[in-house]
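User: I have a model open here and would like to go through it with you. Could you start with the terms before we get to the details?

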Amino acid sequence: MEEIKAKILLFGAVMAAGMAVTADAYGQAANECGVKLAFNGAACTGIGLMAKDGGYVMARTMEWAGPYVPYGRVVIPRGERIVSYTPQGKNGLEFTAKYGVAGIAPQQKEFIIEGLNEKGLQAGLFYFPKFGKYVPYNPQNNAGTLADMQFVTWVLGSFATIDEVKEALQEIDVVSIAVGGDSSTVHWRIGEPGGRQVVLEFINGEAQFHENPVGVFTNGPEFSWHLSNLSNYINLYPGVAKSQKWGDFEITSIGGGSGALGLPGDMTSPSRFIRIAYFKATAPQLENSYRTVLQAFHILNNFDIPIGIEHPLGEVPDVPSATPCTSASDLKELKLYYRTTYNSTIRCIDLKSIDFDSVKYEFKPLDPVLEEPVEMVIVK
C-alpha cells in the first residue's frame, strides 16, 4: 500500500502539471487504493511585460481541472545535491545547485513548474501533449538523463543565462518519466532580466529553441504554428470600430472595444494564445516592475478557468476553480508573486531576503488553509 501511495504522489505531481501521458499509470495506482479520479489536461497561459524602468515581469496561470492537488512553494539552497528521476526510478542526472532558487511545484518539491533564481533567470513548463517527442530513453545513459519535470529545477539551479542552458542541453537527454520516456508532454519558456524570452520544444527528438517575439505562451500546437496563426487575426485593433454604411443603413458600434470583434473567447490553446497576445499588444507600459506585476495579474484574470466547463455535466471535481495558481516573477527585483484558487491575496517571496547558503531545501503549501479569507467590513 505504501508503494502504491508513493506512486500516486509521484503521478499526482505529474498530472497536476498537465502530463496526461501518465494518466493510465496514475489511475491504476489510484484504483488499487480505492481512489476514483478524473483526468483532465492543463491549460496554462503566460505573458511577459517590460516596465519603463527596465524591469521585466513573466507571469502565468497554472491550470489543473482534476481533483485537489496541493501546490507548494519550493526553496533550493546553493550547494543542494539533486538527482533526477528516470523511467526506472531516482537514478538519473546528478547536479549541485549553483544558484539559489524559489519556485512553485505541485505535490512534490522535485517538480518545480515555475520559478526564478537569484541571477534573475526565470523558467516554466507548460502542457504540450501530442506534438512533441524526446529522444528515446537509454537506460545505459542514466547519468546523463534528466526528467522533463525536473528541467526547470536543473535550469534555475545551474545557469544564469539562456545561452548557458542551450550549451549545456547538448550534453544531456531529456525524457519523460512515463514508461518509454520519449513522449513529450511539456514545453518550456525561459526568460532573462533584460527581456529576452525563448521557447524550448522537443520535436522528433530534436531540441528546438525559438526566440519569442510576442512574449506570450500557451500550449500546443508548436510555437511556430501559433506565430503563423496570429495572421488570421490581423483585423483586430484596440478601441471602437468605425461606423459604416451598408446601402442607406448606417452601422455603428454597440459598445467600447468593438475593434476586438472576432477575438476568440474559448479556452483552447490557440484561442488563448491569440487573446493573450492581443491583451499584451494593447496593454500600456507602466512605470516600474511592481505596477507591471499587478497589471499582469489583472490581465491573467481573463484566463482564470471556471470549474465545470472542461467536464461533462455531473462530473465536476469539488474545487473552486480549474486555475489553482497564478504567478508573476519580477526578474529585476528578484521577487516571485503568487495567488491561488483558495486565497486571492497576492503573496510575495523576495529572493534577495533569502540566505541561500543556510536555508533548507523545503516545500511548504501555498495554502495552509483551504478557504478563501474574507475581510469583514464593520459599519458603525
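Analyst: Helices (H or I, at least four residues) and strands (E, at least two) are DSSP runs, numbered from the N terminus. This is a predicted model, in which local features need pLDDT of at least 70, side-chain atom pairs count only at pLDDT 80 or more, and totals for chains, interfaces and linings use all residues. Residues are numbered from 1 along each chain as its sequence is written, and side-chain values use heavy atoms, with hydrogens and water left out.

User: OK, where does Pro 221 sit? And what kind of peptide bond joins Gly 220 and Pro 221?

Analyst: Pro 221 is placed in the loop between strand 14 and helix 5, and the bond that joins Gly 220 to Pro 221 is a cis peptide bond, with omega at about 0°.

User: Which residues other than glycine have a positive phi?

Analyst: Lys 130, which belongs to strand 8 (residues 122–133), has phi near 75°. Leu 334, found in the loop between strand 17 (325–330) and strand 18, has a positive phi of about 60°.

User: Are those two buried or exposed?

Analyst: Buried means under 20% relative accessible area, exposed over 50%, and partly exposed in between, with a 1.4 Å probe and protein chains only. Lys 130 is at 81% relative accessibility and so counts as exposed, whereas Leu 334, with a relative accessible area of 11%, is buried.

User: What does strand 18 pair with, and in which sense?

Analyst: Two strands count as paired if DSSP finds at least two bridges between them. Strand 18 (residues 335–340) pairs with strand 19 (residues 343–350) in the antiparallel sense, over five bridges. A hairpin of two residues connects strand 18 to strand 19, and Thr 340 stands opposite Asn 343.

User: And what is the strand order in the open sheet?

Analyst: The open sheet has six strands in the order 14-1-2-17-18-19, with antiparallel pairing. Its edge strands are strand 14 (216–217) and strand 19, each of which pairs on one side only.

User: Changing topic, how many aromatic pairs are there?

Analyst: Rings of Phe, Tyr and Trp (its six-membered ring) pair if their centres lie within 6.5 Å, and planes under 30 degrees apart count as stacked, over 60 as edge-to-face and the rest as tilted. By this rule there are 13 aromatic pairs. In one of them, the ring centres of Phe 151 and Trp 188 are 4.6 Å apart and the planes stand at 45°, so the pair is tilted. Phe 151 lies in helix 3 (residues 151–158) and Trp 188 in strand 11 (residues 183–191), so this pair ties together parts that are 37 residues apart in sequence.

User: Which other rings go with those two in a cluster?

Analyst: Ring pairs link Phe 151 and Trp 188 with Tyr 134, Trp 154, Phe 159 and Phe 202.

User: What about the largest nonpolar core, which residues have the most contacts there?

Analyst: A nonpolar core is a set of buried Ala, Val, Leu, Ile, Met, Phe, Trp, Tyr and Cys residues joined through side-chain atoms within 4.5 Å. The largest has 59 residues, and those with the most contacts inside it are Phe 151, Trp 154 and Trp 188. Helix 3 gives the most to this core, with five residues. Apart from it lies another core of 21 residues, including Ile 47 and Phe 126.

User: Phe 126 again, what lies over its face?

Analyst: Arg 60 does, at 4.0 Å from the ring centre. The rule for a charge over a ring is that NZ of Lys or CZ of Arg is within 6 Å of the ring centre and within 35 degrees of the ring normal.
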